[in-house]
Amino acid sequence: YDKCITGVTMLHLLLLATARPAAAPMHANLTVNGNFAAGNVGFKSGYAFNQDLGRDGSYFVGSNPHDSHAGGAEFGDHTTGKGLMLIVNGSEIANTTVWEQTVRVSPNHGYAFGLWAASWGQWNSGPNDPSPAKLIVTVNGKPIGQPFAVAARDGAWTKFSAPWASGSDKSAVIRIVDANLESIGNDFAIDDIVFHAQ
């Protein structure tokens with residue numbers, strides 16, 4: 001009798017487990033090194049790589065903007081607070097690529113792009129960047145979403161996200177530029193770039 005009850009109970013539990021809907025699969029991030037944990041690899045930039053961010057149009061992959069610029073704010077990356085991020089001193093030259101990467105995509109499919117950004121151009125202006133970056137993201141040369149005004153508050157990570165439809169495309173050239181050309185301020189960090197199928 002006990003064996004019969006146990007067998008029926010086990011069968012009942014097995015049926016319940018298989019009747020549950022499967023969890024939706026997580027969509028893989030198609031970008032390489034989107035959280036910059038591997039350092040200065042996996043992407044292209046028209047900016048000059050330099051640990052000293054005293055010059056406009058330079059960038060570094062580091063853990064704290066203040067370490068690369070004495071006038072910069074001090075804060076950690078978006079991912080863990082202790083990792084790496086792309087730290088940028090905005091360029092005065094229009095249409096200079098901050099970050100670019102090409103990924104393979106499936107035709108006639110929907111995708112989602114996202115990134116986190118924060119200002120760090122403290123200088124002597126208190127806790128706010130005097131002239132925050134305005135980021136434009138393009139895929140295959142066409143803007144997605146609206147221009148993204150990075151929050152003026154230094155170290156305040158804010159998110160940009162936008163959908164993209166592949167149409168007949170089999171690859172996506174994802175590019176980020178800063179539309180702000182001011183020399184004073186216009187300092188920002190980017191982290192956790194993602195691009196995945198919807």
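This is a predicted model: local features need pLDDT of at least 70, side-chain atom pairs count only at pLDDT 80 or more; totals for chains, interfaces and linings use all residues.

Biologist: In what order do the six strands of the open sheet stand?

Modeller: Strands of a sheet pair through backbone hydrogen bonds, either parallel or antiparallel. Here the order is β1-β2-β3-β11-β5-β9, and the pairing is mixed. β1 (48-49) and β9 are the edge strands, each with a single partner, so one side of each has no neighbour in the sheet.

Biologist: In which sense do β5 and β9 pair?

Modeller: They are antiparallel, with eight bridges between them. F113, for example, has A162 in β9 as its bridge partner.

Biologist: Which residues of the largest nonpolar core touch the most other members?

Modeller: In soluble globular proteins, nonpolar side chains tend to be buried together. This core has 33 residues, and L86, F113, L115, I176 and I190 touch the most other members. β11 gives the most to the core, five residues. Another core, of 10 residues, lies apart from it and includes L53, F75, M85 and W120.

Biologist: What does L86 touch?

Modeller: Its contacts beyond four places in sequence include F36, F43, Y59, W99 and I190.

Biologist: Now the charged residue. Where is D191 found, and is it buried or exposed?

Modeller: D191 is in strand β11 (residues 187-197). D191 is buried but has no salt bridge, and the nearest side chain of opposite charge, K159, is 13 Å away.

Biologist: With which side chain does the side chain of D191 make a polar contact?

Modeller: With that of T79, at 3.1 Å. D191 also touches other residues, among them N35, H78, L115 and W157.

How values were computed:
Residues are numbered from 1 along each chain as its sequence is written. Side-chain values use heavy atoms; hydrogens and water are left out. Helices (H or I, at least four residues) and strands (E, at least two) are DSSP runs, numbered from the N terminus. Buried means under 20% relative accessible area, exposed over 50%, partly exposed in between (1.4 Å probe, protein chains only). Lys and Arg count as positive and Asp and Glu as negative; His and the chain ends are not counted. A salt bridge is a side-chain nitrogen of Lys or Arg within 4 Å of a carboxyl oxygen of Asp or Glu. A polar contact is a pair of N or O atoms within 3.5 Å; within protein, one must be able to donate a hydrogen and the other to accept it, and residues adjacent in sequence count only if both atoms are side-chain atoms. Contact means heavy atoms within 4.5 Å. A nonpolar core is a set of buried Ala, Val, Leu, Ile, Met, Phe, Trp, Tyr and Cys residues joined through side-chain atoms within 4.5 Å. Two strands pair if DSSP finds at least two bridges between them.
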